[in-house]
Amino acid sequence: MFQIEIDNLNKHYGGFHALRDVNISIKQGSFVALVGPSGCGKSTLLRTLAGLEKTSSGDVRIAGQSVIGKPPRERDVAMVFQSYALYPHMDVEHNMNYSMRLKRRPKDEIAERTRTAAETLGLSRLLDRLPKALSGGQRQRVAMGRAIVRNPKVFLFDEPLSNLDAALRVHMRSEIRKLHERLNATSVYVTHDQVEAMTMADHVVVMRAGIIEQQGSPLELYDRPANKFVAGFIGSPAMNFLPATAADNGALVLDSDSVRIGFNRDIAAGRQVWIGMRPEHLSLKPGVNDMTIGATVTGIESTGSMTFVVLAVASQPVVLAHAGRPEACKGDQVRLHIALDNLHFFDRETELAA
Amino acid sequence: MKRYVLLVIGLMMTATYLFPLYWMYLTALKGSSEIFQYPPTFWPSDPQWNFLEIWKNRDMGRYIWNSLLIAIGVTILVTMLGTGCAYVLSRVRNVWMEIALFAILMMQVLPSSLMVTPIFVMFNQIGLLASPRIAVILAQTAKVLPLYIVLCRATFVQVPRELEEAALVDGSSRIGAFFRIMLPLARNGILVTSVLIFLQSFGEYVYARSLIAKNELQTATVGLQTFMGPNANDWNGIMTYAAIYVTPILIVFMLLQRRIVSGLTAGALK
């Protein structure tokens, strides 16, 4: 049973086509991340689910019921806003139970559920504070509390962690994920941060310019990107691309460097492609089934546990990642080893995976 | 160094602005011969306390009551009519709203002295002049409503849209969100603007002078005219009257200042 079904959804703002033929089915209890660069339509899609935006055509069903034309309050969804949108004139307790007070639930039920939600989020001692007396992280928790206290059919998150500092963001990531599992909720989570999407979601939807580029499990997107955009967007540091042309004998020739790469896939001779290489599949040491090209080290970034080596391959920047400490210095001429089993190929015109 | 220069300039400008006020209180306290003394004195040599006498003789209680009635009437009417309008103008964004806002701004340009003739003719025809204070309330409402809408709209624009959307998702209707979320958060702006409207209406002159015939119904601004004789003006009386009239307004303004500064929306976002 799908909790949310989106069929051929289209959204126009005047002449601007914000969402084009969006189709997503979301299972009860799953955590879906909508990810993409800013302006890709992910927030519009979320707001459409909430009922804050009208649709132009297509259908949206929540728990089997079409919600097209229904106002937000008839959809039974809860939303956490990027800015938290806490009511500044209400204390934490009243912020959290506003929805239940609107529904005129019995007083003791309201008190009980507010208390439980506050305990879950560690807000019990802050219930009588006004939002302006809270820290950023606490406000974020109140915004979450306002959502979970209602026990809604669907949780919607609109970049809820983007205003937190890095350490708190990583912490809240796992908190939200834990909360999701405990409540057995269905969550839709918008983010521009692909790491957030990869680490939190069961199902990732990559969008660009109102179109779904690819959707699937995080590792599916990582291992088998459908096109160059998804390949470049998922993974950090991003995948490297080098232009190449297919030769007639089942080999590829790098445009820059006339290096031939043995190749066992069927690509017609003369076809121009991008070769995609993940940074962790590159090495400065020889491995099994690899090939080498010359490169110059132009920069080293070390995080202690990981080292990112920025190389120039015939003026094209290429990033290499390896565990441990740097093995080269800036300015070194090195041999770059590329593991052939993990290469990706994209057509240069259509940008689709070849 | 620069700070002191700015401070001195600021003090000089403040002094320039406040001088007429000082002169009003000073003249109210001076005796009638001291008023015309040259060079002028800047502190009354023999202070006169005529306030109670002027209040009684000139029937100021009645005048001020009429002014108050009109000012309260205008303020209530303007807030009831203008708040919703200001909210809509702050939320709906399209060409028609821009035109509407422009038209509202243009309406402010027309001065009362220009509008009073057509208003008089119209009110006379529909018999509104029989209840002249209501006529003044209506005319003054039409005059200050644009100002109220423009100022209130600015306050509503400052209330983040997400708060309203959060209320909608929380299960509120649009009207519910307006009354429970938007209105409390725009309260300061509405309050300040209303007081401004109240004070403007309290000092209204043109409509009261033209639309109110009976002296018992006349306002305090018009009442000030009774000091103007054909041959002599009782300056001491005029300034005493003015002091009584202006002092409560000054107090209201001073009490209000803190309200204007305090931000109620702090903590809504981020």
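How many residues of chain A are in contact with chain B? In the predicted model, local features require pLDDT of at least 70 and side-chain atom pairs count only at pLDDT 80 or more, whereas totals for chains, interfaces and linings use all residues. Residues are numbered from 1 along each chain as its sequence is written, and chains are lettered from A and ligands numbered from 1 in the order in which they are written.

The interface joins 25 residues of chain A to 21 residues of chain B, contact being assigned where C-beta atoms, placed from the backbone, lie within 7 Å. On the side of chain A that touches chain B, two or more residues are given by each of β6 (77-80) and α2 (92-102) of chain A; helices (H or I, at least four residues) and strands (E, at least two) are DSSP runs, numbered from the N terminus.

Chain A is assigned domain 1 (2-233) and domain 2 (240-347), with bounds from an automatic or database domain assignment. The centres of the two domains, taken over C-alpha atoms, are separated by 39 Å. Four residues of domain 1 of chain A are in contact with five of domain 2 of chain A.

After α3(A) comes A:G122, with a positive phi near 70°.

Definitions and conventions. Two residues are in contact if their C-beta atoms, placed from the backbone, lie within 7 Å.
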